[in-house]
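Biologist: Can you walk me through this one? I'll ask as I go.

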Amino acid sequence: MLFFHSFQKEDFIVDLIQDIRAINKMAMRAKKTGVVILGGGIVKHHIMNANLMRNGADFAVYINTATEYDGSDAGARPSEALSWGKLRLDSVSTKVWADATIVFPIVVAQSFAKYFFKNKKDE
């Protein structure tokens, strides 16, 4: 798809190295970081590696259906990230074994959105 899109927009460029550098810089400059990982794979890998550059993320929530027995990145528990320094030793983390398309909207509704709309109502 990107190949065909590049014919319509000749100035369209995907620079993976620049993207990784940008993510790493954001993580290194942050006072605290938290990650919400839906699924796993290469995206989880790069986000957690960016936090490795700052001695680990402070908070983590993994939501997926993967198990650790097959050695997949998605199946790894937060304790695995601790051992690599991708999560700080004093981090707060959890893994939810569930379908992210079902659970994530509930998590948002009962956390971020709940407080956002409560504060809006008080204004």
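Biologist: Which strand does lysine 95 lie in?

Modeller: Lysine 95 lies in strand β3. Before we go on, this is a predicted model, where local features need pLDDT of at least 70, side-chain atom pairs count only at pLDDT 80 or more, and totals for chains, interfaces and linings use all residues. Residues are numbered from 1 along each chain as its sequence is written, and side-chain values use heavy atoms, with hydrogens and water left out.

Biologist: Is lysine 95 buried or exposed?

Modeller: Lysine 95 counts as buried, at 9% relative accessibility. Buried means under 20% relative accessible area, exposed means over 50%, and partly exposed is in between, with a 1.4 Å probe and protein chains only.

Biologist: What does lysine 95 touch?

Modeller: Not counting residues up to four places away in sequence, lysine 95 touches Tyr62, Asn64, Ala66, Ala74, Gly75, Ala76 and Pro78. Contact means heavy atoms within 4.5 Å.

Biologist: Step back a bit. What are the elements of the protein chain, from the N terminus on?

Modeller: The order is α-α-β-α-β-α-β-α-α, which gives 6 helices and 3 strands. Helices (H or I, at least four residues) and strands (E, at least two) are DSSP runs, numbered from the N terminus.

Biologist: What is the radius of gyration of the protein chain?

Modeller: The radius of gyration is 17 Å, well over the 14 Å that the globule rule gives for 123 residues, so the protein chain is more spread out than a compact globule. That radius is taken over C-alpha atoms, and the rule is 2.2 Å times the number of residues to the power 0.38. The C-alpha atoms fill a box of roughly 45 × 45 × 30 Å along the principal axes.

Biologist: What percentage of the residues count as buried?

Modeller: 26% of the 123 residues count as buried.

Biologist: Which residues make up the largest nonpolar core?

Modeller: That core has 8 residues: Val35, Ile37, Met48, Ala57, Ala60, Tyr62, Ala81 and Leu87. β1 (34–38) and β2 (57–64) are the elements that give two or more residues to this core, and β2 gives the most, with 3 residues. A nonpolar core here is a set of buried Ala, Val, Leu, Ile, Met, Phe, Trp, Tyr and Cys residues joined through side-chain atoms within 4.5 Å.

Biologist: What is methionine 48 in contact with?

Modeller: Leaving aside neighbours within four places in sequence, methionine 48 is in contact with Val35, Tyr62, Ala81, Lys86 and Leu87. Methionine 48 is one of the buried residues in α3, along with Lys44, Asn49, Ala50 and Asn51. The buried residues of α3 pack against α2 (16–29), β1, β2, α4 and β3 (87–97).

Biologist: Now the loops. Where is asparagine 55?

Modeller: Asparagine 55 is in the loop between α3 (42–52) and β2. At 60% relative accessibility, asparagine 55 counts as exposed. Its phi is near 70°, a positive value in a residue other than glycine.

Biologist: And where is threonine 67?

Modeller: Threonine 67 is in the loop between β2 and α4 (78–84). Threonine 67 is partly exposed, with a relative accessible area of 33%. Leaving aside neighbours within four places in sequence, threonine 67 is in contact with Ser72, Gly75 and Trp97.
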